Number of protein chains: 2
Amino acid sequence: MDMNDLILISVDDHVIEPPNLFDKHLPAKYRDVAPRLVTDEKGADTWVYDGQVIPNFGLNAVVGRPPEEYGMEPTAYSQIRRGTFDVAKRVEDMNADGVLASICFPTFPHFAGNRLIASSDKQAALAIVQAYNDWHIDEWCAAAPGRFIPLAILPLWDVQACVAELKRVAAKGCRTVTFPDNPAAVGLPSIHLGYWDPLWQAAVEERIVISSHIGSGNQAPHSSMDSPIDAWIVTMPMAISGAAADWLFSPVFKKFPDLRLSLAEGGIGWIPYLLERADFVYKHHHAWTNADFGELLPSELFKRNVLTCFIDDQFGLHSTDFLNMDMVAWECDYPHSDCVWPNSPETVWGAIKHLPNEMIDKTTHLNAMREFRFDPFAILGRENCTVGALRAQARHVNVTPVPGMGGHNPSNRHGNPVTSGEVVKLFA
Amino acid sequence: MDMNDLILISVDDHVIEPPNLFDKHLPAKYRDVAPRLVTDEKGADTWVYDGQVIPNFGLNAVVGRPPEEYGMEPTAYSQIRRGTFDVAKRVEDMNADGVLASICFPTFPHFAGNRLIASSDKQAALAIVQAYNDWHIDEWCAAAPGRFIPLAILPLWDVQACVAELKRVAAKGCRTVTFPDNPAAVGLPSIHLGYWDPLWQAAVEERIVISSHIGSGNQAPHSSMDSPIDAWIVTMPMAISGAAADWLFSPVFKKFPDLRLSLAEGGIGWIPYLLERADFVYKHHHAWTNADFGELLPSELFKRNVLTCFIDDQFGLHSTDFLNMDMVAWECDYPHSDCVWPNSPETVWGAIKHLPNEMIDKTTHLNAMREFRFDPFAILGRENCTVGALRAQARHVNVTPVPGMGGHNPSNRHGNPVTSGEVVKLFA
C-alpha cells in the first residue's frame, strides 16, 4: 500500500452556499422572507435574514489562497475559490486532493442551522429549512453521485418538526443531520431532560447519524482580547471535549444504545485522556454524584456511540491502543483555514502509514462508509476511488495558490500578532 | 525498585486555613478589616471579608470521608479531617500516604489569592497578603522542615507590589508564587501587554516558579444547568489548555526564557495533542497571524518553560515519547475530592512502574526538587523519604473513612444525578 492507494472519505467539509440557493426549492409565498444575498457598500456579499446580517465567511473560505493572505477578509464570492460554492468545481478540487467523498456542513445558517432558531415566522423558517435540505440533497449532492454524503439541517425550535424533517430527508437518501454539540448553549433544551428523545428515537429508526461540529453550541473561550488568535485556533477542536463529556454523562446513549454521534473537527489525540479521566471520575465520584453506567464504563459507552475524526493527528495515530479505531474517521475541512488542500494525501499518509493496512482503510473510509451507510464503490468502482485514480482525473485543475484576491480587512496587514480581540470585534 | 522505594513530592495540594490564621502576623491596626471566621445559623464556618461572604470549602475538603458522603457539604471545621487545617496532622496524613513533601495552595483567598484583588483598602489588603504569606512560610511550612515547598500569594492589583512581595518572600525561603492561569479572566491586565514583565523579571532573578492552578482564572465551562456534575469535573483539568495556549503564544517565554510556569492539576495526557496542534497552527497560520517563535517551535518553547503534573494519568505515562519528562511532576491534590489519599503510592505505582527507574525518580520528585530548588534529602536523609519509610512512621494514623461527619447540603441525598446547576446555585 502506498499513498496513491489511500481512499479518502471526509466526514467534515463545508459548503459556501451559492447565491441561487433558494431559487428552485422555496415555495413562492416565502420568497419575500427568505434569506437574501446583499452586496454592501464595501463589496461584501452578506446574507440578510429576518433582521440578521450574517457575518461574512472569513477564515471559512480561504482555501487556495497563499497563507499570508488568509484572514478574515474573504467577503465576496469574487474573492473565494469557486470550488467553495460551485459543485462541479468542488468535485474537481476533491479530485485534485484525492478526496473521494465529503460531508458538507452549512455556512450561512451556521454549522447546525442555528441562525434559523429565532426566526419570527416559524412556518417560513420550516420552509427555508426544507428548501435548504432539498437544495443540498437534490442539487449539491446529486450533482456527483458517490461523492457526497447528504447532511440535513433541522428546524431546531421544535422537536416534532425535527422528527418530521429527519424522516422526510431520510426518505430522500440523507444519512446524517447536523445538531448543536450543546443545544443548551444556543437557548434550546439541554440533552439531559428527555425533550430530544423523539429525535434520537427517529435517528435510530432511520439510522441517521447525529453530526455535531465544533463551535455549533459550546464556543472555545478565548483568554483575552489581547490574546493572539493562534492561541484560540489551537484550542478550538479540543473545546468540544466539554460537549463530549456532557453527552457521555447524559442519559442519551444509555436510552439509545444504537444512536451514533459524530464529533466533527474535534481531533482525536486528546480522546484517550478524556476517556481515562471520565472513567476515573466515574469510579471515584459516582457514590455521591449518583452517576450510573450499569455494566459499562464511560469510556466503553463513548467508544460504542461516538465517531471522532482528525485532519492531521500524528499523536492520536500513535495512540491507537487507547482509541476504538472502528470509530475514528478522517476529515479534510475544505475550504476552512485548517485544511491542507491540495496536500491531504501527503499529510494523512505521513501520519498514518505506520499502521496496518486494515486499520488505515477503516480510518480513511471504511468506518465512514459503515456509519453513514454510503457505498461509493457500488457507483464508481473501487478502483476509481483511490487518491491515485482521482488525481489522474484532475491534471487540468490549477492548485497553485492564487494571490491578490483582494479584501477589506487589515487584520493581517499590520505586522503585529493578530489578536482574538480583533476578530471578536469584527463580528460584534 | 518497588512501590515502597518511590519518593513522592506533590506540586499541588491545598491547605484549609485554620481559624487563627491572622492571629500572629497581622499588624494590630488591620485586625478590624482582616478576614474573620463566622459561624452562620446553619453551623457553616465562613470567612467574611470586605463585604464578601466566601463560600464554604465544599468538595475541597472531603478527604477521609466515604465517597458517598462527598459533595458540597463540608462547611464546618468539625466536619473535615483535621489534616486539612492542622499542620501536625497534615504531616501524619502525608506520612500515611507516603508523601514526602507538598506545595499547598490557598483555599479561602482562592487558588491565586483572587479574592483580595477587589479589596477596598489596598494598604490593609497588602498587610493581609503579607500576613498570609508569613503564616504560610513561618508556621505551616516551618512546622516540618523538608516537608513543604513554600508558596506565596501576591497583591495582584499592583505589579510593583507583586515584585516587592515576591522579593520579600523569596528572601524568606519561598520557592513559588501562585498566579491566575489567566489574569484577564479576573479583571487584571492580560499576559500579552508587558504589564507583568517586572514580575517575570523578578521571578527569573529570584528563581521563583509561577504556579497557576486550574480554575484560578479561566473556568471550565459547564454545558448546562441540567448537566451531571461529573461531566464538569471531567473537563476541569483539561480546561487549563486554554490558558496553556495563551501563555504559549504570549511574548512571556520569548522575553523570559528562564521563567518557569507550573500548571497545577491540569493532567498530562492531553499535552502531546495540544503541542502537536500548536505546531500545526504555527506552521499553517503564522504567515497571516504574524506569530513568530524564532528558531523554536511552540512545542519546544512549552517543553522548556512549562512544568506539568498528574495525579493518575496512565495514558500520559504511556506517551512519554511525546512529553518532556524533565518537566513532568506528580501531585496528590490532598484534600480535594480527586485525590486518592491514602492510596497515592498504589495509584501512582500502577501508572508509572513500566517506566525506567530514572524516569520514575524524575517524575515523582527529582524534577520538582530541581525546579523548586528544594532538597529534603539534605534535611531528612534520602533513606527516610521513601514511601516505605514514611508509612512506617504512620502506623498509628487512622486512615479508615469516617462516615457521618454531617452537613447541610442535600445535593447528594436525592438519588438523582447531581447536576452542575445545583452546584452553581449553591455558590450564586
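User: Why is A:E92 called partly exposed?

Analyst: This is a predicted model, so the value is computed from predicted coordinates. A:E92 has a relative accessible area of 23%. Partly exposed runs between the buried limit, under 20%, and the exposed limit, over 50%. A:E92 therefore counts as partly exposed.

User: What makes A:K89 and A:E92 a salt bridge?

Analyst: Their side chains meet at 3.9 Å, N to O. The cut-off is within 4 Å, so the pair qualifies. Both residues lie in helix 1 of chain A, 3 residues apart, about one turn of the helix. A:K89 is partly exposed, at 35% relative accessibility.

User: How do you know that B:D138 and B:K172 form a salt bridge?

Analyst: The closest N and O atoms are 2.8 Å apart. That is within 4 Å, so the pair counts. B:D138 sits in helix 2 of chain B, and B:K172 in the loop between helix 3 and strand 7, so the pair ties together parts 34 residues apart in sequence. B:D138 has 37% relative accessibility and B:K172 has 30%. Both values fall between 20% and 50%, so both residues are partly exposed.

User: What makes B:D326 and B:K362 a link between separate parts of chain B?

Analyst: Their side chains form a salt bridge at 2.6 Å, N to O. B:D326 lies in the loop between helix 10 and strand 11, while B:K362 belongs to helix 12, so the bridge ties together parts 36 residues apart in sequence. B:D326 is partly exposed at 30%. B:K362, at 24%, is partly exposed too.

User: Which residues of chain A are linked in a network of salt bridges?

Analyst: A:D134, A:D138, A:E165, A:R168 and A:K172. Over all chains, the count comes to 28 salt bridges.

User: How many salt bridges are there between chain B and chain A?

Analyst: The count is 2. One of them joins A:D338 and B:R277 at 2.7 Å, N to O. That distance is within 4 Å, so the pair meets the rule. Polar contacts between the chains come to 32 residue pairs. On the side of chain B that touches chain A, helix 8 gives the largest share, 13 residues. By class, that side has 33 nonpolar, 26 polar and 9 charged residues.

User: How much area do chain B and chain A bury between them?

Analyst: About 5700 Å², with 66% of it on carbon and sulfur atoms. B:Y273, B:W288 and B:F315 supply 16% of the area that chain B buries against chain A, more than any other three residues. Each chain brings 68 residues to the contact.

Key:
Residues are numbered from 1 along each chain as its sequence is written. Chains are lettered from A and ligands numbered from 1 in the order in which they are written. This is a predicted model: local features need pLDDT of at least 70, side-chain atom pairs count only at pLDDT 80 or more; totals for chains, interfaces and linings use all residues. Side-chain values use heavy atoms; hydrogens and water are left out. Helices (H or I, at least four residues) and strands (E, at least two) are DSSP runs, numbered from the N terminus. Buried means under 20% relative accessible area, exposed over 50%, partly exposed in between (1.4 Å probe, protein chains only). Contact means heavy atoms within 4.5 Å. Buried area is the accessible area (1.4 Å probe) that two parts lose on being put together, summed over both. A polar contact is a pair of N or O atoms within 3.5 Å; within protein, one must be able to donate a hydrogen and the other to accept it, and residues adjacent in sequence count only if both atoms are side-chain atoms. Ala, Val, Leu, Ile, Met, Phe, Trp, Tyr, Cys and Pro count as nonpolar, Asp, Glu, Lys and Arg as charged, and the others, Gly among them, as polar.
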